[in-house]
Structures are given as structure tokens and as C-alpha cells.
Amino acid sequence: KSIEYILRALSSLHTPEEKLAALCKKYADLHEEHRVLQSSFKQQQRKMTVVQREKDQLQAEHTKAVIAKSKLESLCRELQKQNKAVKEESLLRGKEEEERRKEISNKFQTTIEDIQAQMTDNHEKNTKLREENHDLAS
């Protein structure tokens, strides 16, 4: 198509010099356009290289962040398990201590009651002995 376009444009010209001049002008225009496009292409390639490096760096940072997040989540789950175990152990120890306290309190109360019974018994015996002593003395 572009060759047909050029041939039609050249057919309107009359002398070979005009045609050659038109071709030279078209060639110069195309050459300048090619040079500008090449420069723009190289500039865009440099930009693309920079962007690709930034992308790679960001992907590496993202990967590190994902790995760190995964490790933190794992550590968090482990910490939660340990906290739960400590809480359960603490509750169990609290119950055991409460049971021991109740047991010791019951033993103490029983011992006090036994001592009170012995004291009452001894008081009664002492009272009888005192009365017997008094009766014997009189």
C-alpha cells in the first residue's frame, strides 16, 4: 500500500529530478522518523529495565514479608498453645491447692475437736478426782 501511495504521488510529478527529489525527501523524512523511534525505543527499554528491577525487588520483599508473616502466625499459634497449657496447669494447681487446703482444714478441725473432747474428758476426771480428794480429806 505504501509503495502504491508513493508511486501515485510520483506519477503526479513530471521530471525524473522532481521524482528523485521527492523520493530523497521521503527517505530523509522516514530516516528521521526511524531515528526518533529508535531513540524512543531505547529510552523505553531503559525505563522497562528499571521498572523490571523495581518489580523484582518488590517481589523479593513481598516474598520475605509473606515468609515472615507465616513464621509470625506459626509462632503466635505456638504461643497460644503454650498460654492455654499454662492456664490449664494453673487452674489444675489451684484446684489441687484448694483440695489440700480443705483437707488440712478438715484435719485441723478434727484435731481441735479431739483435743476439746480430751480436755472435757480430763476436766471431768479432774473434777471427780478433786471431789474424791475432798471427800477423803474430810
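Mentor: Let's settle on Tyr27, which lies in helix H2, spanning residues 16–137. Helices here are DSSP runs of H or I with at least four residues, strands are E runs of at least two, and both are numbered from the N terminus. This is a predicted model, in which local features need pLDDT of at least 70, side-chain atom pairs count only at pLDDT 80 or more, and totals for chains, interfaces and linings use all residues. Residues are numbered from 1 along each chain as its sequence is written, and side-chain values use heavy atoms, leaving out hydrogens and water.

Tyr27 counts as exposed because its relative accessibility is 59%; exposed means over 50% relative accessible area, buried under 20%, and partly exposed in between, with a 1.4 Å probe and protein chains only. Cys24, by contrast, is partly exposed at 45%, and Cys76 is partly exposed at 39%. With a disulfide taken as a pair of cysteine sulfur atoms within 2.5 Å, the count is zero.

Now follow the chain from Tyr27 to Val66, 39 residues apart: their C-alpha atoms are separated by 56 Å. For the whole protein chain, the C-alpha atoms fill a box of roughly 180 × 25 × 15 Å along the principal axes. Its secondary structure comes to two helices and zero strands.
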